[in-house]
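Please keep the sequence and the structure open while reading.

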Amino acid sequence: MTERRLTFGAVAEAYEQFRPGYPDAAVDAVLDYAARPVRSALEIGAGTGKATRAFARREIAFTATDPDPAMLTELRQHVPAAVATVAAAFEQLPLDSTYDLVFAAASLHWTLATDRWSRVAALLVPGGVFANLGGPFELADPQLAAEVAAARCELLPDGVIRAPEPDASGSDLRWPGNELINSPLFTDVRQVEIPRRLELSAEEYIGHLGTVSAFLTLSESDRRTAFGNIRAVLPEQVAIAADITVHLARLS
């Protein structure tokens, strides 16, 4: 897992180009839940700042962290100068500052489970808020999704393509909500769904796949073969199911 979370810097510009941003509705869900002013925030795994800029527009003193310096270099081109950056993995962050909000956007699954929640708690002020933004980025047409899976399965079977997210089966809440609700460190756990549908060209969809860690671990030759096989089954435009799930919790 550690190796895969450090693959994105090599394609930082493509990540910025082909990964979608976050709507104001997601930020509103977090700030409304907080129910008090959020003056400071720490982001885990900020990447190129897709979520960073959405929150930073709300006049929050912001610290964006990421283990890959190349991603932060790209981030600095797109966020306000006042945003502080720290090149470090979540597990390396010093626990000597606290924030009103600690959040992650499509990055929490790259953190190590050991001490994850105690570290989040240590970074929050009393009553502070943790938020996680996540969700699928999937072809909306099940038949097309099956054809794409068949086109890349020889090089990337399903068990490899999916991000290493912990299992939440048997729970009413998706991960990480299922862990938060069972943690004595947090209270008032909520799960908010924000529907989102996107329309991409076939080339844009292939561009997005080029920022997925499983594809980045392939050799250049295998990656070209996989993209060629996938492009052969794609129509010119594809519909994407990209709903955002927001998990919210308050420090007990």
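Axes are lines fitted to C-alpha atoms, for helices over the stretch in contact, and angles run from 0 to 180 degrees between N-to-C directions. The model is predicted. The points below start with a helix pair, move to the sheet, and end with backbone features.

**Helix 9 and helix 11**

- Two packed helices are described by the angle between their axes and the distance between the axes.
- For helix 9 (residues 202-209) and helix 11 (residues 220-231), the packing angle is about 150 degrees and the axes are 11 Å apart.
- The crossing of helix 9 with helix 11 is right-handed.
- Helix 9 contributes Ala202, Glu203, Tyr205, Ile206 and Leu209, which meet Phe227, Ile230 and Arg231 of helix 11.
- Sorted by class, this contact between helix 9 and helix 11 holds six nonpolar residues, two charged residues and no polar ones.

- Seven strands form an open sheet with mixed pairing, in the order 3-2-1-4-5-10-7.
- Strand 3 (84-87) and strand 7 are at the edges; each has a single partner strand, so one side of each has no neighbour in the sheet.
- On average, neighbouring strands in this sheet are turned by 15 degrees against each other, direction ignored.
- Helix 2 packs on the sheet and touches strand 4 (99-105), strand 5 (124-134), strand 7 and strand 10 (244-251).
- The direction of helix 2 makes about 20 degrees with that of strand 10.
- Strands of a sheet pair through backbone hydrogen bonds, either parallel or antiparallel.
- Strand 1 and strand 2 (residues 61-66) run parallel and are joined by four bridges.
- Ser40 stands opposite Ala61, which belongs to strand 2.

**Backbone features**

- Most residues other than glycine have a negative phi, and most peptide bonds are trans.
- Ala35 has a positive phi, near 60 degrees, and is a residue other than glycine.
- Ala35 sits in the loop between helix 2 (24-34) and strand 1 (40-44).
- Because the cut-off for exposed is over 50% relative accessible area, Ala35 counts as exposed at 68%.
- Asp188 also has a positive phi, near 55 degrees, and lies in strand 7 (residues 186-194).
- The relative accessible area of Asp188 is 31%, which makes this residue partly exposed.
- Trp175 and Pro176 are joined by a cis peptide bond, with omega about 5 degrees.
- Pro176 is in the loop between helix 7 (158-161) and helix 8 (177-180).

Methods
Residues are numbered from 1 along each chain as its sequence is written. This is a predicted model: local features need pLDDT of at least 70, side-chain atom pairs count only at pLDDT 80 or more; totals for chains, interfaces and linings use all residues. Side-chain values use heavy atoms; hydrogens and water are left out. Helices (H or I, at least four residues) and strands (E, at least two) are DSSP runs, numbered from the N terminus. Buried means under 20% relative accessible area, exposed over 50%, partly exposed in between (1.4 Å probe, protein chains only). Two strands pair if DSSP finds at least two bridges between them. Contact means heavy atoms within 4.5 Å. A crossing is left-handed if the near helix is turned anticlockwise from the far one by less than a right angle, and right-handed if clockwise. Ala, Val, Leu, Ile, Met, Phe, Trp, Tyr, Cys and Pro count as nonpolar, Asp, Glu, Lys and Arg as charged, and the others, Gly among them, as polar.
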